[in-house]
Amino acid sequence: MKTKRLPALLLALFFFFSAAAQAAPEEEAEELTVNAKAAFLAETTTGQTLFEYHADDKLYPASTTKMMTALVAWEHCAQEDMIPVSESAVEGLAERGSSVFLQAGEQMNFMDMLRYLLIGSGNDAANALAEYVAGSNEAFAELMNQKAAQLGCENTHFSNPHGLHEEDHYTSARDLYKIGKALIDIPELREIVSTSQVKLQPTNMHPNESTITTTNHLISRLKDTRYFDKNAFGVKTGTTTPAGFCLVGGETNGDLEYISVILGGEKDQTTGDIGCYTETLKLFRYARQNYSLEVLSAKDSPVQEVGVRFAAGKEHTKLAAAQDTTALVSKDLDLSQLTYEVEAPSAVDAPVEKGQKIGSARLLIDGVEYGQVDLVASESIPRSDALYVVHQIQEFFSGTIFKIILAALLALAFLLILMASNRRR
């Protein structure tokens, strides 16, 4: 008997603990925290900000500066230009621990110079481009600041093209996102920052091809395998002692595309982990796990009725969405709570053509706007000429012109009566 009761007892205990586990409330997801001075994350196709932390603080950007250097140079140079390297372009860089590949007197093709600038993070390339475009680093920095203002940067001031530390050389995580987005919108520059290794063509000082390897571990396993992300596409690294470890990163996720910014990352002295990479990967993981692209309002879905005048047997018609409206939303958002804030007339005059724009609507969930959609007529409605003529007659008799004519006739009649009365007397 005891041997028969034991399996039953174990089975009962199994169901008891299973039920208890199911009844236990789920742990709330931990709030995202980033170990850096500032961070920013946005999805580029929708322009939606997904996370920000001290995003407007003025901080040192280190070599992420070179994204702006490339943008300004792109606007002022042709791809076939040959960029000369002066003594001043390379002077003092080796003593400051910066990359020096170019030699005074060397000439390099503009596109190769950009590759060395963005892939190899060459400070000498930044100086050479600045001198070629504007004559000096100071004059080039003025162009950089003009471009920053054009992009809507509000907490940025550049004083050099390379990012080596200067007190008045600063930007913010939000501004770097704008600069990075502008850079990847140029296909040629996006291709460069997505390249892990490239061969530069021979120059007058380098008779053989030179191989340049990216400083960005997101897109390359060559120097460090810990941070490689097969979906990453750039964008730019930067490191100085005052700035810390900085990274503008990019990642694709299906039809979505993220750009992240980490400023002031640290290096873990125990594990050796570089903070700008660990925190960037954390941001990308957060975006993938918590957001999805959803169709909030499908094309042709009815939104609201509107009155129709002068249509025989038809007093109302439906306004429908002119197109699909998609939005990047949190996965725990209740889409059934969608409401429309409609801007449309209460009635329209026939004839109405199907697809005719009549109004628009804002899409709201819990008071937050997630997009806008045009509203169009869902059907064609012809006009009843009889109703329209009757309306015109009514409009005429109730209009100001008729009232003026009637008043004038009455006044004329009164005058004629008065004149006739005077004649009798």
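Visitor: Which element gives the most to the lining of the largest cavity?

Guide: Strand E7 does, with three residues. A strand here is a DSSP run of E with at least two residues, a helix a run of H or I with at least four, and both are numbered from the N terminus. This is a predicted model, where local features need pLDDT of at least 70, side-chain atom pairs count only at pLDDT 80 or more, and totals for chains, interfaces and linings use all residues. Residues are numbered from 1 along each chain as its sequence is written, and side-chain values use heavy atoms, with hydrogens and water left out.

Visitor: What makes a space a cavity?

Guide: On a 1 Å grid over the protein atoms alone, it is a set of points where a 1.4 Å probe fits but cannot get out; lining residues have an atom within 4 Å of a point. The search of the whole structure finds one cavity of 30 Å³ or more. The largest cavity holds about 50 Å³. That volume is the space filled by probe spheres set on the points, with grid points joined across faces, edges and corners. Helix H8 (187-193) and strand E7 (232-240) are the elements that give two or more residues to its lining.

Visitor: How many lining residues of the largest cavity are nonpolar, polar and charged?

Guide: Six are nonpolar, five polar and one charged. Ala, Val, Leu, Ile, Met, Phe, Trp, Tyr, Cys and Pro count as nonpolar, Asp, Glu, Lys and Arg as charged, and the others, Gly among them, as polar. Lys236 is in the lining, and Lys is in the charged class. Val235 is in the lining too, and lies in strand E7. A cis peptide bond joins Gly234 and Val235, with omega about 15°.

Visitor: Why is Asp224 called buried?

Guide: Buried means under 20% relative accessible area, exposed over 50%, and partly exposed in between (1.4 Å probe, protein chains only). Asp224 is at 12%, so Asp224 counts as buried.

Visitor: What makes the pair Arg226 and Asp224 a salt bridge?

Guide: The term needs a side-chain nitrogen of Lys or Arg within 4 Å of a carboxyl oxygen of Asp or Glu. The closest N and O atoms of Arg226 and Asp224 are 2.7 Å apart. The pair therefore meets the definition. The whole structure has 15 salt bridges.

Visitor: Which salt bridge links distant parts of the chain?

Guide: Asp349 and Arg309 meet at 2.6 Å, N to O. Asp349 is in strand E15 (residues 347-349) and Arg309 in strand E11 (residues 302-309), 40 residues apart. Asp349 is partly exposed at 38%, and Arg309 is partly exposed at 39%. Elsewhere, shared partners join Glu52, Asp56 and Arg174 into one network.

Visitor: What makes a set of residues a nonpolar core?

Guide: Its members are buried Ala, Val, Leu, Ile, Met, Phe, Trp, Tyr and Cys residues joined through side-chain atoms within 4.5 Å. The largest core has 61 residues, and Phe110, Met113, Leu114 and Leu183 touch the most other members. Another core, of 24 residues, lies apart from it and includes Leu41 and Phe51.

Visitor: Why is Asp366 called exposed?

Guide: Asp366 is at 66% relative accessibility, and the cut-off is over 50%, so the label holds. Asp366 lies in the loop between E16 and strand E17 (368-377). Its phi is near 55°, a positive value in a residue other than glycine.

How values were computed. 1 Å grid on protein atoms, 1.4 Å probe; cavity = no way out; pocket = protein on both sides within 12 Å on 5 of 7 lines; lining within 4 Å.
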